[in-house]
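Opening the notebook on a new model today. I wanted to look up a few spots and write down what I found.

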Amino acid sequence: MATIKDVAKLAGVSPTTVSIIINGRAEERGISEDTKKRVLDAMKELSYQPNLSARKLRFQDDSKPIIAFYWPLDYRTSILASFLNAFQKEIKAQNLDCEFIIQAFENDSLERVADPIIKNSYNAVIIGAASRKDIEYLDTLKPNMPIILINRESNKFSTVYTDHRDIGFKAAQLFQNKGYKEVTVISSDHPYVATGLRTQAFLYACSQLGINVSSKHIIKGPSTIAGGTMAAQQYIKLPDAPKALFFDSDSMAIGALYVFNKNLIRIPQDIEILSIGMLESEATSLCIPSLSVIEMPNAEICHLIIKILKEKLKSNDLKPVHYRVDAKVILRESFTL
């Protein structure tokens, strides 16, 4: 197996120069493009794979591993706090001494901030809420570091996910258990990957369980608290709308509660609400009334991710692994059995 010294000898440079180029710092250190090309050609000829992750994460070393958490800049930033709190707790609980940084990106534009991934500037990367286009772009890369996707499918990278089909069925079955034959669906007008799949799974499960969801009873809006108020205002204008409401966003459900309370619509006496829960638990438990949710297991997801990364970084293992974590049904005041 070729070493960094072998690459340096073939390229006619020092091992330090090779290390600088591997770490993506050639430009800032004034290394010429010709030298960089010679080193890269030598690496290719010798089939040399830089072991950057292992080098940075040797626990006896003074340097700390750098773990980057990529998250999109859109309405889903409201969910970010839940993940950050969970990651912080897990990093401490699992005694992983690391630098944990946040890298924001625009939906469908991950490539604009992917340079550190391409240059292997991190030891590991966690990517949340990636679009299909972002995942397709990731598939073109060959990073020499562990990458874990949250709630996405991939054959190339590790994943920790919940099963959207299971979530959809759990929600539909709860309505069936209450004897509902019709349901109103309030969903995001921008169906990001996971949100769209969960809503589709719920609609399919309803069709299988004999619950009707008419197209006129599907209300869409921005997946925000303000979007929820707008959707609720549309709902109360509908004649004979189903009294069972499913929200694919707890942010929207929280906004809707304001409108329902203001219009003296009693919950759960007049209508019942069940939502997907993505926010911190206290955000939905302290509403009036408290929201019943199928809660995404963010804490469990973060626990597994840190456990996986700790093991992979120690062994420099890049083989993808996949773990499923089940969502939890939490019934409160807005929907009861």
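Ground rules first. I am working with a predicted model, where local features need pLDDT of at least 70, side-chain atom pairs count only at pLDDT 80 or more, and totals for chains, interfaces and linings use all residues. Residues are numbered from 1 along each chain as its sequence is written, and side-chain values use heavy atoms, with hydrogens and water left out.

**Helix pair.** I looked up H2 (residues 15–22) and H3 (residues 33–45), whose axes come within 10 Å and cross at roughly 90 degrees. Helices here are DSSP runs (H or I, at least four residues), strands are E runs of at least two, and both are numbered from the N terminus. Axes are lines fitted to C-alpha atoms, for helices over the stretch in contact, with angles from 0 to 180 degrees between N-to-C directions. H2 and H3 are therefore roughly perpendicular, the label for 65 to 115 degrees. In H2, Thr-17, Val-18, Ile-21 and Ile-22 meet residues of H3, including Val-39 and Leu-40; contact means heavy atoms within 4.5 Å.

**Loop residue.** I found Ala-114 in the loop between strand E2 (99–105) and helix H6 (115–118). Ala-114 is buried, at 0% relative accessible area (buried is under 20%, exposed over 50%, partly exposed in between; 1.4 Å probe, protein chains only). Leaving aside neighbours within four places in sequence, Ala-114 touches Tyr-70 and Tyr-137.

**Strand residue.** I placed Val-329 in strand E12 (residues 328–330). Val-329 counts as partly exposed because its relative accessibility is 37%.

Definitions and conventions. Angles under 35 degrees count as roughly parallel, over 145 as roughly antiparallel, 65 to 115 as roughly perpendicular and the rest as oblique.
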